[in-house]
Amino acid sequence: MWHEENNALRRSFKFKDFNEAFGFMARVALVAERMGHHPDWRNVYNTVEISLSTHDAGDVVTDKDRKLAALIDSLL
């Protein structure tokens, strides 16, 4: 579940292994590129941590972040 912390939407995702985590990141990258809105993220083995905020709006959470979060959830 996404939670708002320090002016960002954050969520951690766990997968079976690195291959599944990396595949998920590739799918997210395609969606983010189409939106022109890119996540801050971190990957360690089977875990992907994502942080979303809108830099153009002063590094706060906007509807753009909520839309991307919903699209990311749809990729699961």
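Reader: In which loop is His37 found?

Author: This is a predicted model, and in it His37 is found in the loop between H1 and S3.

Reader: Is His37 buried or exposed?

Author: A residue is called buried when its relative accessible area is under 20%. His37 has a relative accessible area of 6%, and therefore counts as buried.

Reader: Which residues is His37 in contact with, leaving aside its neighbours within four places in sequence?

Author: With those neighbours set aside, the contacts of His37 are Ala32, Ser53, Thr54, Lys64, Asp65 and Leu68. Of the elements concerned, helix H1 comprises residues 18-35, and helix H2 comprises residues 63-74.

Reader: How should I read the sheet, and what is the order of its strands?

Author: One starts with the order of the strands and then takes the pairs in turn. Here four strands form an open sheet in the order S1-S2-S4-S3, and their pairing is antiparallel. The edges are strand S1 (3-5) and strand S3 (40-44), each of which pairs on one side only. On average, and with direction ignored, neighbouring strands of this sheet are turned by 25° against each other.

Reader: How many bridges join S3 to S4, and how many residues lie between them in the hairpin?

Author: S3 and S4 run antiparallel and are joined by five bridges, with Trp41 having Ile50 in S4 as its bridge partner. The hairpin that these two strands form has two residues between them, and Tyr45 in the turn has a positive phi of about 50°. Elsewhere in the sheet, S1 and strand S2 (residues 8-14) pair over three bridges, again in the antiparallel sense, and His3 stands opposite Arg10 in S2.

Reader: Which residues have the most contacts inside the largest nonpolar core?

Author: That core has 16 residues, and those with the most contacts inside it are Trp2, Phe13, Phe24, Val48, Ile50, Leu52 and Ile72. The elements giving two or more residues to this core are S2, H1, S4 and H2, with the largest share, five residues, coming from H1. Leaving aside neighbours within four places in sequence, Phe13 is in contact with residues including Trp2, Phe24, Val48, Ile50 and Ile72.

Definitions and conventions
Residues numbered from 1 in each chain as written. Predicted model: local features only at pLDDT ≥ 70, side-chain atom pairs only at ≥ 80, totals over all residues. Heavy atoms only, no water. Pairing = 2+ DSSP bridges. Axes fitted to C-alpha atoms, helices over the stretch in contact; angles between N-to-C directions. Contact = heavy atoms within 4.5 Å. Buried < 20%, exposed > 50% of the residue type's maximum accessible area, 1.4 Å probe, protein only. Core = buried A, V, L, I, M, F, W, Y, C linked by side-chain atoms within 4.5 Å.
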